[in-house]
Amino acid sequence: MTGIEYMLSEVMEPHLFIIRKQKRESAEKVTPMLAYYILDGSIYQAPQLCNVFAARVGRALYHISKAFTTAASKLEKIGYVDTENESETSEPKGGKETIDFKEVKRVDHILASLQRKLPPAPPPPPFPDGFVPPTTEAEKEPENQQTAEPQPPAVDPIIDQGPAKRMKF
């Protein structure tokens, strides 16, 4: 038999049941497509692993970017000159916080060495057959993408499951 089938893959009675939607191509070959879980009588669709990673990495990048923006604004307050703007010379202004430039250079060196050591990111895995990626408002309105401050990442697919789509039994 071939085609789409649903299989009960995990059971933790009486509260949790995990159902897997899969495509059977032969008696031995099965391709998993989606997973659903029933938690206390409510049915949820489990998020794709790539969506979970994308949301978590996006959130981490947002916070890292915000931290670098904050650090850059503090460096501008004391008069530190970027390597891109070395032609401009300005005297440091006396600020409340002192920054050790040796420490800044050491951190820059550590970050640069880590960037050289790490391999480039692998391409994302292909989506399963029948999966339609959700469209976001950012894809619908490309002219509004040029903002000065980075936007917070999309909602985490694990956390934002919303209310159950079916009645409890």
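pLDDT is the predictor's confidence in each residue, from 0 to 100.

**Figure 1. Confidence across the predicted model.** This structure is a predicted model. The average pLDDT of the protein is 75. A score of at least 70 is reached by 66% of the residues. Strand β2 has the highest confidence, at 93. Helix α3, residues 137-140, has the lowest, with a mean of 54. Residues 86-93 stay under 50. For that stretch the model has 8 contacts beyond four places in sequence. Residues 164-169 are also below 50 in pLDDT. Beyond near neighbours in sequence, residues 164-169 have 10 contacts in the model.

Figure 2. Arg24 pairs with Glu5 in a salt bridge. Their closest N and O atoms are 3.0 Å apart. Arg24 belongs to strand β2 (residues 16-24) and Glu5 to strand β1 (residues 3-12), so the bridge ties together parts 19 residues apart in sequence. Glu5 has a relative accessible area of 24%, and is therefore partly exposed. A search of the whole structure finds 3 salt bridges.

**Figure 3. The Glu25–Lys29 salt bridge.** Glu25 forms a salt bridge with Lys29. The closest N and O atoms of this pair lie 3.5 Å apart. Glu25 is partly exposed, at 36% relative accessible area. Lys29 is partly exposed too, at 48%.

Figure 4. The side chains of Arg106 and Glu103 meet at 2.8 Å, N to O. Both residues sit in helix α2. They are 3 residues apart, about one turn of the helix. Arg106 is partly exposed, with 46% relative accessible area. Glu103 also counts as partly exposed, at 37% relative accessibility.

**Figure 5. Ser113 and the backbone of Ile110.** Ser113 is found in helix α2, which covers residues 101-117. A polar atom of the Ser113 side chain lies 2.8 Å from the backbone oxygen of Ile110. Is Ser113 buried or exposed? Ser113 is buried, because its relative accessible area is 16% and the cut-off for buried is under 20%.

**Figure 6. A nonpolar patch on the surface.** Eight side chains are shown here: Val57, Leu61, Ile64, Phe68, Val107, Ile110, Leu111 and Leu114. They form a nonpolar patch on the surface. Together these residues have about 700 Å² of accessible area. Helices α1 (49-78) and α2 each supply at least two residues of the patch. Val107 is one of the patch residues and lies in helix α2. The relative accessible area of Val107 is 36%, so this residue is partly exposed.

**Figure 7. The cis peptide bond at Pro14.** The peptide bond from Glu13 to Pro14 is cis. Its omega is near 0 degrees. Where is Pro14 found? Pro14 sits in the loop between β1 and β2.

**Figure 8. Asp40 and its positive phi.** Asp40 is not a glycine, yet has a positive phi of about 55 degrees. The residue is placed in the loop between β3 (30-39) and β4 (42-45). With 46% relative accessibility, Asp40 counts as partly exposed.

Definitions and conventions:
Residues are numbered from 1 along each chain as its sequence is written. This is a predicted model: local features need pLDDT of at least 70, side-chain atom pairs count only at pLDDT 80 or more; totals for chains, interfaces and linings use all residues. Side-chain values use heavy atoms; hydrogens and water are left out. Helices (H or I, at least four residues) and strands (E, at least two) are DSSP runs, numbered from the N terminus. Buried means under 20% relative accessible area, exposed over 50%, partly exposed in between (1.4 Å probe, protein chains only). A polar contact is a pair of N or O atoms within 3.5 Å; within protein, one must be able to donate a hydrogen and the other to accept it, and residues adjacent in sequence count only if both atoms are side-chain atoms. Patches are made of residues with over 30% relative accessible area and no salt bridge: like charges are joined within 9 Å, nonpolar side chains (Val, Leu, Ile, Met, Phe, Trp, Tyr) within 5 Å. Accessible areas come from the Shrake-Rupley method with a 1.4 Å probe; for residues, only the protein chains shown count as cover. A salt bridge is a side-chain nitrogen of Lys or Arg within 4 Å of a carboxyl oxygen of Asp or Glu. Contact means heavy atoms within 4.5 Å.
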